[in-house]
Amino acid sequence: MHALLIASLVAAVFIIERLVTLFRARTNVGKLMRNVLAAVRSEGVDGAMRVCERTKGPIAAVLHAGLLRADRGPDAVKEAIETAGSIETSFLERGLVAIATVAQVSPLLGFLGTVSGMISAFASIAQAEQVNAKVVASGIEEALITTATGLIIAIPASIGHSFFVSRIDRFILEMEEASN
């Protein structure tokens with residue numbers, strides 16, 4: 001149960017951190033692109049860079065990286081956008097491995113508790129002269145509690161992981177569309 005407690009704390013910390021990070025990373029892409037294009041038309045590349053600097057989020061960071069290399073030609077812009085996109089994607093995906101690991105390991109830890117409980121129950125049966133329900137009940141209870149706990153931890157962790165992967169995929173798509 002201690003391992004399951006640690007797993008639940010790890011999942012909770014990373015899920016909360018990812019929720020906050022992805023909430024802060026949200027950007028109205030259409031509005032950002034309209035502002036960037038208007039700034040390019042009226043103030044040039046420097047104006048567009050200022051718009052990106054004032055806007056938080058990975059999409060603005062990717063556009064800013066490309067605009068910084070605008071004077072070096074299309075190949076330099078493309079390379080800067082790809083590099084910035086990779087960095088921003090890595091930032092968005094940070095912590096997902098921990099959440100996925102908790103989602104995968106928690107049921108296994110629960111099943112380990114099941115095995116331990118069943119071993120305890122069978123050991124009690126072996127030592128008892130007469131077998132009754134009270135002899136095996138505590139071992140079976142241990143088995144069921146750890147299994148349930150493992151699943152209770154794994155289910156929200158798995159849902160959180162899937163949610164974050166879908167949100168990050170959307171960010172990546174928006175970054176690609178904006179950079180094009």
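Predicted model: local features only at pLDDT ≥ 70, side-chain atom pairs only at ≥ 80, totals over all residues.
## Contacts along the chain

Residues are numbered from 1 along each chain as its sequence is written. Local features need pLDDT of at least 70, side-chain atom pairs count only at pLDDT 80 or more, totals for chains, interfaces and linings use all residues, and side-chain values use heavy atoms, with hydrogens and water left out.

## Helices and overall shape

The protein contains seven helices and zero strands, where helices are DSSP runs of H or I with at least four residues, strands are runs of E with at least two, and both are numbered from the N terminus.

The radius of gyration, taken over C-alpha atoms, is 26 Å, while a compact globule of 180 residues would have a value near 16 Å; the globule rule is 2.2 Å times the number of residues to the power 0.38. Along the principal axes, the C-alpha atoms fill a box of roughly 90 × 25 × 20 Å.

## Burial

Of the 180 residues, 37% are buried, meaning under 20% relative accessible area with a 1.4 Å probe, protein chains only.

## Glu174

Glu174 belongs to helix α7, which covers residues 133–179. Glu174 is buried but has no salt bridge (a side-chain nitrogen of Lys or Arg within 4 Å of a carboxyl oxygen of Asp or Glu). Its nearest side chain of opposite charge is Arg170, 5.3 Å away; Lys and Arg count as positive and Asp and Glu as negative, with His and the chain ends not counted. Leaving aside residues up to four places away in sequence, Glu174 touches Val29 and Ile59.

Key: Buried < 20%, exposed > 50% of the residue type's maximum accessible area, 1.4 Å probe, protein only. Contact = heavy atoms within 4.5 Å.
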